[in-house]
Amino acid sequence: MFTYTSNQFQEIIDFMLKEARRRGASDAVAEVSEGQGLSVTVRKGEVETIEQSLDKQVGVTVFLGHRRGNASTSDFSVDSLRATVEAAYHIAQHTAEDDCAAPAEKDLLEKNPRDLDLFHPWALDAALAIDIARTAEGAAFAVSKQIKNSDGASVSAHHAHFMMGTSQGFMGGHPFSRHYISCAPIASEGGKKSPMQRDDWYSSSRIPEHLAEPASIGAYAAQRALSRLKARSLSTRRCPVIFEAPLAAGLLGSLVQAVSGGALYRRSSFLLDSLGKQVLPKHISLFENPHLKSMTGSAPFDEEGVKTSPRTVVNKGILEGYFLSTYSARKLGMKTTGNAGGSHHLTLQSRKTPQGGLPALLKEMGTGLLVTELMGQGVNYVTGDYSRGAFGYWVENGEIQYPVEELTIAGNLRDMLLGIELIGSDSLIRGTKETGSILIGSMTVGGK
């Protein structure tokens, strides 16, 4: 599947590191990667795009004491590799001193990377991808005559492998895969001037056999679009709000960003100095497990070669750890958490989880707003102020009454996180985050 072998990658890295040392570098880090992908989009049964990608790159970071420079190239010839090291070296010569700039400490590096089963090739060609996309979109149109249009259905497969090495003695890499199927139908009540509503759904996995059936993806996306028809407005009020599971993953992402090293050492977070303090209700804990087999957020080591480990980030509401790289940890006078490159697989769990999925959570809420789509970027991570456009459903007596649109939901992220009353059992994985829908006790809902 790949042009280069892992042994060839290792030879390239060894050459880069030796060349850096020959020029007088105190340390160096090199990484080489190669990937290929296929993505197909079909709209109303017709092929819109077929994209085939092939890429390769090698990059090197050269350290001259506490000065560093980096450069990269897609040309793997010896002359190009040598020129790339030279470019990184010259950049380092003209870079200001930074006491925190240095590779990760040798004793923190992963010495025996484990196999986490992250590579599952999909024998997908354009013809098969088109057939899958048409199946998903066709299933959407078959749900109702009110599905009159489509933003398309897409199918994608991506395969890649990489290797990185450091002058501290680390050498590691592995192949990985990412695949998905999506569909975005458009519903209309009928008539040329009838309002249209769009919704979508997708399935993603490293393992193609674990993707949801294309027809079920299309049918569910169509049902979501149809349920948005005849949407009304709401008057401004305060009420409980449920963030549907895909949006709850985004809310969890806000917490992660607020307690990540870059935001903390720049003092641009609403959760500064929160270690050991309550950031979530006592019934909620947050776990990070980088070693789950085949998960998108799994990795035996981070982007600096630092060994990853399972840990509890929030224990019964109390923040026990940040998300730190080597650099951000040094800026804060702390130790890296193995999170260079971001968080690994996170699971949000609560001791208060009503069984029965989203319907059970709606009954627990009684009356309030279920939010299924957010719009805009109205989040201030320095103050925590939160204000975003929303679409959702008004709920009374635990039952959805009607769709609502042209809303704004507002609050403060610190209060919102502390105000989580329940987490649903409708657990969903989106990227590196796993959570059910989240019920927040009270937010301001702005309408007409």
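Predicted model: local features only at pLDDT ≥ 70, side-chain atom pairs only at ≥ 80, totals over all residues.

Modeller: Residues are numbered from 1 along each chain as its sequence is written, and side-chain values use heavy atoms, with hydrogens and water left out.

Colleague: Why is the pair of tyrosine 4 and phenylalanine 76 called tilted?

Modeller: Rings of Phe, Tyr and Trp (its six-membered ring) pair if their centres lie within 6.5 Å; planes under 30 degrees apart count as stacked, over 60 as edge-to-face and the rest as tilted. By this rule there are 10 aromatic pairs. In the pair of tyrosine 4 and phenylalanine 76 the centres are 5.0 Å apart and the planes stand at 55°, so it is tilted.

Colleague: What parts does the pair of tyrosine 4 and phenylalanine 76 tie together?

Modeller: Helices (H or I, at least four residues) and strands (E, at least two) are DSSP runs, numbered from the N terminus. Tyrosine 4 is in the segment before helix H1 (6-22), and phenylalanine 76 is in the loop between strand E3 (67-73) and helix H2 (78-93), so the linked parts are 72 residues apart in sequence.

Colleague: Why is phenylalanine 76 called buried?

Modeller: Buried means under 20% relative accessible area, exposed over 50%, partly exposed in between (1.4 Å probe, protein chains only). Phenylalanine 76 has 11%, so it is buried.

Colleague: What makes the pair of tryptophan 201 and tyrosine 220 edge-to-face?

Modeller: The planes are at 90° and the centres 4.9 Å apart, so the pair of tryptophan 201 and tyrosine 220 is edge-to-face. Tryptophan 201 belongs to strand E7 (residues 201-205) and tyrosine 220 to helix H4 (residues 214-227), so the pair joins parts 19 residues apart in sequence. Tryptophan 201, at 17%, counts as buried. Tyrosine 220, at 32%, counts as partly exposed.

Colleague: How do you know that arginine 430 lies over the face of tryptophan 201?

Modeller: A charge sits over a ring if NZ of Lys or CZ of Arg is within 6 Å of the ring centre and within 35 degrees of the ring normal. Arginine 430 lies over the face of tryptophan 201, at 5.0 Å from the ring centre. Arginine 228 lies over the face of phenylalanine 391, at 3.7 Å.

Colleague: Where is serine 294, and why is serine 294 called buried?

Modeller: Serine 294 is in the loop between strand E9 (284-288) and strand E10 (311-315). Its relative accessibility is 10%, so serine 294 counts as buried. Contact means heavy atoms within 4.5 Å. Leaving out residues up to four places away in sequence, serine 294 touches Leu116, Asp117, Leu118, His120, Arg206 and Ile207.

Colleague: What makes a nonpolar core, and how many residues has the largest?

Modeller: A nonpolar core is a set of buried Ala, Val, Leu, Ile, Met, Phe, Trp, Tyr and Cys residues joined through side-chain atoms within 4.5 Å. The largest has 47 residues, and Phe243, Leu280, Leu369 and Ile409 have the most contacts inside it. Helix H5 (residues 245-258) gives the largest share of this core, seven residues. Another core, of 26 residues, lies apart, with Trp201 among them.

Colleague: How do you know that E9 and E12 pair?

Modeller: Two strands pair if DSSP finds at least two bridges between them. E9 and E12 have five, in the antiparallel sense. Leucine 348 in E12 is the bridge partner of leucine 286. E12 and strand E18 (residues 433-435) pair in the parallel sense over two bridges. Threonine 347 stands opposite glutamate 434 in E18.
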